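Subject: Structure handover

Hello,

Here is the structure I promised you. My notes follow below it.

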Amino acid sequence: MIALKSPAELAVMRRACGVAVRALCAVVDAVVPGVTTRDLDRIAEDQIRALGGVPSFLGYRGYPASLCASVNDEVVHGIPGRRKLRDGEIVSLDLGAVIDGFHGDCAVTVPIGTVSEPARELLRVASAALSEGIRAVRPGARLGDVGAAIQRYAERHGFSVVRDFAGHGVGRSLHEEPQVPNFGRPGSGVVLRPGMTLAIEPMVNAGTHEVMMESDGWTVRTKDGRLSAHFEHTVAVTADGHEVLTGLPDDASSIISDCG
Ligand code: MF3
Ligand code: CO
């Protein structure tokens, strides 16, 4: 069953999403060569709590942190630790916050220092693929339209989309129905209705779409060791289109490229 949110519930989700995106921006601002992913996790947790939220990920199915920090060929769910970020690397930062029983979920991938042109292109395309997916969200459209828009954009630019992990409904639970794949056929899948809230989160790879699980049971990395990028917004289906709940007031899409 897909839970439709009332206007009052959407107002709570807007607050949760506001906390999540502000905390994410604080983490992004702290990314410099030499910082450890554990330092970033601490900032994530402190910021979420300072803004009145509770970290969504901490303890979720046993996950041990508030932040996922996935470096280079790590796709998602990298566990923060002693690893120091180095100039020329990229890091995907993903966090969620819960307020008054509702979750907000967002992610961004950023460069550390100066990165290669192909890495910059990967970040640009992955971010734009998310925007393409969001643009397809409106009442009457289908989930396959969203996945197809993401896949078409990424593949047209020479990248692949991860199939083994998807976005998801989000609300009273971090993960709700429906699953939101980052690929698909236009005109297929669940019909979108006002009040649905979706975490759309393309994972875009430089090489193969295939991924593998690390022995820690969480970290997902690319099978070929090439780079991967991940961007995520929590989006509500509205009467006339969509609202990016994790958008910043002035520019909904720009969290993503820079926190301003
Ligand atoms: N945004 C990610 C997801 O929806 C984060 C989940 S990490 C976990 O899959 F620790 F909470 F599982
Ligand atoms: Co998510």
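The side chains of arginine 221 and aspartate 73 are joined by a polar contact of 2.9 Å. A polar contact is a pair of N or O atoms within 3.5 Å; within protein, one must be able to donate a hydrogen and the other to accept it, and residues adjacent in sequence count only if both atoms are side-chain atoms. Arginine 221 also has a side-chain polar contact with glutamate 214, at 2.8 Å. Arginine 221 sits in strand 12 (residues 220-222). Strands (E, at least two residues) and helices (H or I, at least four) are DSSP runs, numbered from the N terminus. Arginine 221 is buried, at 16% relative accessible area. Buried means under 20%, exposed over 50%, partly exposed in between (1.4 Å probe, protein chains only).

Some ground rules. This is a predicted model, in which local features need pLDDT of at least 70 and side-chain atom pairs count only at pLDDT 80 or more, while totals for chains, interfaces and linings use all residues. Residues are numbered from 1 along each chain as its sequence is written, chains are lettered from A and ligands numbered from 1 in the order written, and side-chain values use heavy atoms, without hydrogens and water.

Now the metal. Asp105 (OD), His168 (NE2), Glu201 (OE) and Glu232 (OE) coordinate the cobalt ion (ligand 2) at 2.1 to 2.3 Å. Donors are N, O and S atoms within 2.8 Å of the metal (3.2 Å for Na, K and Ca); water is not among the atoms, so sites may look incomplete. The arrangement is irregular because the six donor atoms subtend angles of 67 to 167°. Six donors count as octahedral if opposite ones are over 155 degrees apart and all others between 65 and 115. The pair of aspartate 105, in strand 5 (residues 102-111), and glutamate 201, in the loop between strand 9 (197-200) and strand 10 (203-205), links distant parts of the chain, 96 residues apart. Both aspartate 105 and glutamate 201 are buried.

Next, ligand 1. It has 13 residues around it, and Tyr63, Asp94, His168, His175 and Glu232 come nearest. Near means a heavy atom within 4 Å. An oxygen atom of ligand 1 lies 2.9 Å from a polar side-chain atom of histidine 168. For glutamate 201, a polar side-chain atom lies 3.0 Å from an oxygen atom of ligand 1. The protein buries 96% of the 330 Å² that ligand 1 exposes when taken alone. Areas come from the Shrake-Rupley method with a 1.4 Å probe; for residues, only the protein chains shown count as cover.

Best wishes

Technical notes:
Tetrahedral: all angles 85-135°; square planar, octahedral: opposite > 155°, others 65-115°.
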